[in-house]
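Here's a friendly tour of one protein model. Take a look at the sequence and the 3D view, and then we'll walk through it piece by piece.

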Amino acid sequence: DALEQRLAAAAERDDARRSERAYLDWPPEDERTVFRATSAVNGDVRIAAFGPFRSLRFNDVEQGLSYVVDEDGDARGVRADDGALPYEYLRVMTAVSIGLSSWRGVDLVREGGRLLYIGLGAGAAPAFAQRKFPMCDVCVVEIDPMIIDIVREHHGLDMDVVRAFSDDDSRGDGRLRVVLADCATMMRTCAPKSLDVIFMDAFDGDGEIPAHLIEDNFLRACAEALTDGGSLVLNMFNGVRGSPARDAVATFARTLARVIGPVCSFPVMESPVNVVLSATKRKQGERDRPSREDIARAAALVGEQSGFEWSPKRLVEGAFWVEVDDKNGGDMKEVVAGAPGILGKFRGRNGTIMPREFLVTLDDE
């Protein structure tokens, strides 16, 4: 089917052994449960192993994926491969963040920046960022202590668990920090203009973004903590036109534009059940917005400097500017970022709406 073909093509291009396509190729009968328990926060928590892949699940909703290697000398038996980022949507989020940061002049490679991840998941994304950008201060906030413990034990991720988010600049020490806290509470303690990028990939045990994370108060705290020109980059479940999931994307995009600043949308072409949004806090008096070419060029440069095994340029070539149409009840309209420059296979693509062919694919599974 279409989803299978696109993921297969992506695997052939980029880091095939550690890709989402490689994970999906493992036969169901090879699944092993390496951990299962009930969490007071997330309900039924399980880690399923498929060869070197470890899938984190809440109530059978997949919440994270990592790639591990055997370590005979480690009591845990495995070590997280922090150079792997299997999920395609996490690659898109990473590509968006480096493209936007580089475009506005932040040198993540040589000078570093401050990156905050809301939600640990399996830890693959923050671990990848710390590996590729050792000059950056990378911190995660996670509300569930069980998730921290099992990601360390069963995903093999090394991290320092700290009591509070520090305003002290820790760039360059190469350590990944995790704060055990509710992110809404923690955001209120962040110093103003202290973060370059905030990543939000947080879902509860029902697969929904927690309600308090989409409220104005929380988003205002994020805006306050972002540097001028800093961005909130987030993942959402996508849907076909008129579906509840797609309506939720449009509603949140409007909120982001109103509270934080200009919004861009990015398709996850190999897995369009996800869509990535960014909201950027404009500098005083700034009017320019990056085009597809701007973001793609900047992402490609950073990817080359940091030795990415996959192409960040390819993943941001389909950027759209999100415009809110107040005359039509605040509808979300997507226009090619920096038109008429249209790159590659995204030519003629009608926004980030999930094609109905993928709805059929999901229904068949």
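## A first question

Is Phe-128 buried or exposed? Phe-128 counts as buried, with a relative accessibility of 0%. Here "buried" means under 20% relative accessible area and "exposed" means over 50%, with partly exposed in between (1.4 Å probe, protein chains only).

Before going on, some ground rules. This is a predicted model, so local features need pLDDT of at least 70 and side-chain atom pairs count only at pLDDT 80 or more, while totals for chains, interfaces and linings use all residues. Residues are numbered from 1 along each chain as its sequence is written, and side-chain values use heavy atoms, leaving out hydrogens and water.

## The big picture

The protein chain has 11 helices and 15 strands. Those are DSSP runs numbered from the N terminus: helices are H or I with at least four residues, and strands are E with at least two. Of the chain's 365 residues, 59% count as buried.

The accessible surface of the protein chain comes to about 15,300 Å², and 48% of that belongs to carbon and sulfur atoms. Areas like this come from the Shrake-Rupley method with a 1.4 Å probe; for residues, only the protein chains shown count as cover. As for contacts (heavy atoms within 4.5 Å), take those between residues at least 6 apart in sequence: 67% of them join residues at least 24 apart.

## Rings that meet

How many aromatic pairs does a search of the whole structure find? It finds 10. Rings of Phe, Tyr and Trp (its six-membered ring) pair if their centres lie within 6.5 Å; planes under 30 degrees apart count as stacked, over 60 as edge-to-face and the rest as tilted.

Take Tyr-23 and Phe-53: their ring centres are 5.6 Å apart and their planes stand at 55°, so this pair is tilted. Tyr-23 belongs to helix H2 (residues 20-24) and Phe-53 to strand S3 (residues 53-58), so the pair ties together parts that are 30 residues apart in sequence. Tyr-23 is buried at 7% relative accessible area, and Phe-53 is buried too, at 1%.

Now back to Phe-128. With Phe-308, the ring centres are 5.2 Å apart and the planes are at 80°, so the pair is edge-to-face. Phe-128 sits in helix H4 (residues 124-132), and Phe-308 in the loop between helix H9 (292-306) and helix H10 (312-316), so the pair ties together parts that are 180 residues apart in sequence. Phe-308 is buried, with a relative accessible area of 12%.

## A five-strand sheet

In general, strands of a sheet pair through backbone hydrogen bonds, either parallel or antiparallel. Here, an open sheet of 5 strands runs in the order S1-S2-S3-S4-S5, with antiparallel pairing. Two strands pair if DSSP finds at least two bridges between them. The edges are strand S1 (32-39) and strand S5 (78-80), each pairing on one side only. On average, neighbouring strands of this sheet are turned by 30° against each other, direction ignored.

Strand S2 (residues 43-50) is joined to S3 by 6 bridges, and the two run antiparallel. Ala-49 stands opposite Arg-54 in S3. Helix H5 (residues 145-154) packs on the sheet and touches S1, S2, S3 and S5, with its direction at about 165° to that of S1. Axes are lines fitted to C-alpha atoms, for helices over the stretch in contact, and angles run from 0 to 180 degrees between N-to-C directions.

## An enclosed strand

Why is strand S10 (residues 195-200) described as largely enclosed by the rest of the structure? Because 6 of its 6 residues are buried. S10 pairs with strand S6 (residues 114-118) in the parallel sense over 4 bridges, and Phe-199 in S10 is the bridge partner of Tyr-117.

S10 is also joined to strand S11 (residues 226-237) by 5 bridges, again running parallel. There, Ile-198 has Leu-232 in S11 as its bridge partner.

## One last residue

Glu-88 is in helix H3 (residues 88-103) and counts as buried at 4% relative accessibility. Leaving aside neighbours within four places in sequence, Glu-88 is in contact with Glu-20, Val-268, Glu-270, Arg-314 and Leu-315.
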